[in-house]
Amino acid sequence: MTDLSLYRNIGIFAHVDAGKTTTTERILKLTGKIHKTGEVHDGAATTDFMDQERERGITIQSAATTCFWRDHRFNIIDTPGHVDFTVEVYRSLKVLDGGVGVFCGSGGVEPQSETNWRYANDSKVSRIIFVNKLDRVGADFLKVVDQVENVLGAIPLVMVLPIGTEDDFIGIVDLLTRKSHIWPDPGNPEKFEVGDVPEEMVDQVEKYREKLIEMAVEQDDDVMESYLDGEEPSIDDIKRCIRKGTIALDFFPTYCGSAFKDKGIQLVLDAVVDYLPSPTEVPAQPLTDEEGEPNGEFALVDETEPFRALAFKIMEDRFGALTFVRVYSGVLNKGDSILNSYTGKSERIGRMVEMHADDRNEIDRAQAGDIFAIVGMKNVQTGHTLCSTKHPCTLEPMVFPDPVISIAVSPKDKSSVDKLGVAIGKMIAEDPSFRVETDEDSGETILKGMGELHLDIKVDILNRTYGVELEVGAPQVAYRETITQEIEDTYTHKKQSGGSGQFGKIDYRIKPGEPGTGYVFNSSVVGGNVPKEFFPAIEKGFKGMMENGPIAGFPVLDIEIELYDGGFHAVDSSAVAFELAARGAYRQSMPKAGPELIEPIMKVDVFTPDDHVGDVIGDLNRRRGMIKDQDTGAAGVRVKADVPLSEMFGYIGSLRTMTSGRGQFSMEFSHYSQCPRTVSEAVVEDEKARQEAKAKK
């Protein structure tokens, strides 16, 4: 029986280009998992194994690997940093017990860091912080610590201080032991010298060490009492307090170094062992009913409990479909039959493998706390619960964001048509934020995703991996409709045609809802004028019409419908009659409620050298952007703005031209906002023309 206290399930996450994958490579080298370090810029990183990842130098899909440090088993997931692939971070954090948040020493807390941090907060994942790239121009460890506090609202617990900065960065001081660690030879991370604190840093080290101890001892009343009486706690007591506070998310131990120059990684590995929780130290996963509501039961991390696991990722590779699984309780043996509680079907487990990026080792058994992959499972999707056939249950499901951008594609030749269907089926299973629809009138396939890069990668995978050549249309923005006025109205559905008739009368109010609420239905009917059993049919009738707005047929958002009265017939009223009444009411009232078009607004974060700030801001203003903030750093300026998605197509090309290739940007969906009249009219005209063209086809 394996000792679960020696397990650490951790994820490495950060903003794009903060050095997550390089950090993972150094960890694998130090733990003996690989013997030659692969560099991201050379396209040789172990966990970046897709062609697209190696060419672009970015991580696209999360990769799992296992290694060992100080007799502890680390299951590590390296996640993407680019905003278009945040779904990979979200689902990885969902199944992890701890994380390492990597921040760039000069870039600091960047937009994707904020999003990932928010996801980790939602999933209640304990974290340590690693401030990377301290050898870069403009790197400032304490400035990043300050940003963690002010931007993320988190409490960093400074565990080390850097010796030197930028080109002079040579090592770190461990505040707990008051020892310096200096790496004289880049490329040889195992070789470092432990010595005394440099003379000029003694006062600073004592100041930060005192802060560290004061924050740590708050976790234990007895230790704090002794400390206040003038007795310094032992290092073991301090570590125990830090562990307790880290697991409780009271603070986050913060380290620094340079992964690329092999400095500081050992202390991060020690911190994972010392401070991040084992599977038994995190709150048990709640079980839910069929509606997804918690039912008061939990999946306890225990081998003797019934088998319960979550499928958190599907991946197609040369050996077939891989289903990545996190086991929360019980044991799974090769040859066992398990139940997919979502589909109600059971499957027999053939092959189980432990992953190392795209290599695998066969295993015969997995237990609570393990992360591994099952080969060849059918009909399993991300978020499905796998459980014992004798003890059916459902784990808390995953919720994925809706796409904000779409493109129309069509195969270039007949041989690609059949391949396209098969390929898309596999890709949807792998990535829940990627959606596909077929336009029934034109026969075009519509790909929907989280951004231009997301769809660009998908088209590239279809072409290279599956041999499907596509003609790609212009990107389409996911416009929506809403209303601006409250309206009170009545509608009667009445039909008499021999035999039993249909009758349903509803009195209702339609009003604008709170932003982000989608569709809300409630009833205030008293006195039984509309029997309660018909409420679901009325709600269904209205909801079914929300896909088709009154202006241009876009889905409707942020609308509240209240049923306050009505009438029914003892014989002729039925659920169908009231559902039809709701549909008729929608068609009658929506055009009168001040409908308007709303468009997706993106949170845009642009980095530019100082001498191009004016050009960048002027360009964002021309794109209808609203500048929110400017942050001047040593290497340049970060401009934050809210900009309509429709104005951001092809922005990377413009930015590179403006900044002589030195500018970078990231964007993510923020909210929907009202379209200006001129834009709205143009969109409606385009949509009408598109519908007419489809009708002619």
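## The largest cavity and its strands

Four strands each give at least two residues to the lining of the largest cavity: strand 2 (63-69), strand 3 (72-78), strand 19 (351-356) and strand 22 (371-375). Keep in mind as you look around that this is a predicted model.

Rolling a probe the size of a water molecule over the atoms shows where empty space is left. Here, the structure has two cavities of 30 Å³ or more, and the volume of the largest cavity is about 60 Å³.

## Two residues with positive phi

Now for a look at the backbone. Lys124 sits in the loop that runs between helix 4 (111-122) and strand 5 (126-132). Its phi is near 55°, a positive value in a residue other than glycine. Is Lys124 buried or exposed? Lys124 counts as exposed because its relative accessibility is 57%, and the cut-off for exposed is over 50%.

Leu249 belongs to the loop between helix 8 (235-247) and strand 11 (252-256). Although Leu249 is not a glycine, its phi is positive, at about 65°. With a relative accessibility of 26%, Leu249 counts as partly exposed, because that class lies between the buried limit of under 20% and the exposed limit of over 50%.

How values were computed:
Residues numbered from 1 in each chain as written. Predicted model: local features only at pLDDT ≥ 70, side-chain atom pairs only at ≥ 80, totals over all residues. Heavy atoms only, no water. 1 Å grid on protein atoms, 1.4 Å probe; cavity = no way out; pocket = protein on both sides within 12 Å on 5 of 7 lines; lining within 4 Å. Points joined across faces, edges and corners; volume = space filled by probe spheres on them. Buried < 20%, exposed > 50% of the residue type's maximum accessible area, 1.4 Å probe, protein only.
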